[in-house]
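This report describes one predicted model, element by element. Please look over the sequence and the structure before reading on.

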Amino acid sequence: MQLLITGGLGFIGSNLVRYLLNTHPDYTIINLDAVTYAGHPENLFAVTNNPRYKFVKGRIEDPNVVNDIVSGKRFGAIDGIINLAAESHVDRSISDPAVFVQTNVMGTQVLLEAAYKHGKLPTGGFRIKYVQVSTDEVYGSLGPTGLFTEETPLAANSPYSASKAAADLLCRAYFHTFGFPAVITRCSNNYGPYQHPEKLIPLFITNCFVNKQVPVYGDGLNVRDWLHVEDHCRAIDLAFHKGQAGEVYNIGGNNERTNMQITQLVLKELGKGPELIKYVEDRLGHDRRYAIDSTKIQNELGWKPIHTFETGIYQTIAWYKTNQSWLNAVTKQPDFAPVVVPVTTATVV
Ligand SMILES: NC(=O)c1ccc[n+]([C@@H]2O[C@H](COP(=O)([O-])OP(=O)(O)OC[C@H]3O[C@@H](n4cnc5c(N)ncnc54)[C@H](O)[C@@H]3O)[C@@H](O)[C@H]2O)c1
């Protein structure tokens with residue numbers, strides 16, 4: 001099989017490329033990535049010389065580059081597309097929403113159209129399978145109880161989640177209208193190696209390394225359901241191979257933590273005290289709680305998370321400790337400008 005993975009230089013994408021190359025020794029992977037501030041060639045140094053790995057620098061919303069690959073002109077026929085390319089940071093979507101629509105919405109449409117056009121078989125059906133890697137954030141925010149199921153109505157609240165919801169609806173439309181076999185996965189928050197240090201867990205870990213305060217939004221009681229990135233990769237692999245066309249699969253770790261619990265855990269593991277906690281003004285429109293019911297993917301595709309949070313988080317902290325050169329490389333990337341988070345004078349509690 002030859003698969004097109006988009007966004008393969010990012011956090012989840014790079015873990016997925018490694019996972020697929022290791023798990024399927026007869027697969028070839030084409031990685032299409034724009035190499036934005038969030039895409040790091042360092043993430044895939046280990047596979048650069050693998051003859052089953054091909055890299056193309058380009059944007060998913062560019063029909064020329066996408067059609068060149070999906071038509072088979074560039075590398076021969078492809079059998080599937082897994083779309084992870086995205087602008088993925090909620091804070092950036094608040095300060096600059098336009099690029100989120102361009103990449104996440106327009107880009108998805110270009111990929112779907114190319115796959116539809118080039119994948120259609122004269123005998124009916126399609127040669128190219130498609131997985132859209134989406135997020136639980138499309139469901140909006142939960143109160144103190146309840147879980148997101150695949151039937152929960154979409155109620156995206158941030159420009160990021162709205163752009164991901166729009167992309168999901170395009171996948172639904174290509175299935176409903178054209179019968180194109182798109183599958184959507186909606187996963188909760190991921191953690192693990194190779195995550196950009198602008199995201200909560202690596203930001204807090206790496207700030208602790210240099211005794212810099214960690215910015216906690218609002219009261220620190222927003223809840224996320226954390227899943228190890230390798231468990232997410234296994235779920236995507238299953239969704240690609242066994243997922244039913246037109247279906248949505250929720251993926252979650254059944255592992256709810258408040259941001260403050262995560263903060264305290266990271267500080268404790270790195271031998272730091274509460275003086276490093278800095279409460280900052282809450283994110284605009286901050287969703288309070290996400291929690292996933294992943295019964296469907298467990299029952300229908302046989303997926304189960306392998307990593308426990310307790311071991312996964314300690315391994316992740318250890319990974320950042322031993323990969324300082326990676327850290328230096330990604331934060332010194334020329335087009336990386338940290339998002340400015342507003343700071344309050346609230347006292348540490
Ligand atoms: N990180 C999470 O916790 C999480 C959870 C659920 C779903 N997701 C989804 O998984 C996917 C990957 O997330 P991530 O955390 O790895 O993101 P990331 O920001 O680490 O990586 C995104 C990658 O996409 C590339 N990219 C950006 N714009 C592009 C464009 N126009 N064309 C081609 N490539 C482009 C970047 O260069 C980068 O390599 C996203 O679609 C995201 O919405 C992420």
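Helices (H or I, at least four residues) and strands (E, at least two) are DSSP runs, numbered from the N terminus. A residue is buried if 20 or more other C-beta atoms lie within 10 Å of its own, exposed if 12 or fewer, and partly exposed in between, with C-beta atoms placed from the backbone.

After α6 comes N211, which has a positive phi, near 55 degrees.

## Basis of the model

This is a predicted model, in which local features need pLDDT of at least 70 and side-chain atom pairs count only at pLDDT 80 or more, while totals for chains, interfaces and linings use all residues. Residues are numbered from 1 along each chain as its sequence is written.

Strand β6 (residues 182–187) has 6 of 6 residues buried, so it is largely enclosed by the rest of the structure. In a regular strand the side chains alternate between the two faces of the sheet. From β6, A182, I184 and R186 point one way, whereas V183, T185 and C187 point the other way, and all are buried.

Strands pair if DSSP finds at least two bridges between them. β5 and β6 run parallel and are joined by 6 bridges, with Q132 opposite I184 in β6. Between β5 and β6 the chain passes through helix α5 (residues 159–178), and this β-α-β crossover is right-handed; that is, with the strands pointing away from the viewer, the path from the first strand over the helix to the second runs clockwise. β6 also pairs with strand β11 (residues 248–251), in the parallel sense, over 4 bridges. Here I184 stands opposite V248 in β11.

## Residues around the ligand

Which residues come nearest to the ligand? Of the 30 residues around it, these are G7, G10, G39, A85 and A86. Elements that give two or more residues to this shell are α1 (11–23), α4 (98–119) and β5 (129–135), and α1 gives the most, with 3 residues. A residue is near a molecule if its C-beta atom, placed from the backbone, lies within 6 Å of it.

By class, the shell has 12 nonpolar, 13 polar and 5 charged residues. Ala, Val, Leu, Ile, Met, Phe, Trp, Tyr, Cys and Pro count as nonpolar, Asp, Glu, Lys and Arg as charged, and the others, Gly among them, as polar.

## Positive phi in loops

V35 is not a glycine, yet it has a positive phi of about 50 degrees. It lies in the loop between β2 (28–33) and β3 (53–57). With 16 C-beta neighbours inside 10 Å, V35 counts as partly exposed.

N254, also not a glycine, has a positive phi of about 50 degrees. N254 is in the loop between β11 and β12 (256–258) and is partly exposed, with 16 other C-beta atoms within 10 Å.

## The chain as a whole

The chain has 11 helices and 13 strands. Its C-alpha trace spans about 65 × 45 × 35 Å along its principal axes. Of the 349 residues, 46% count as buried.
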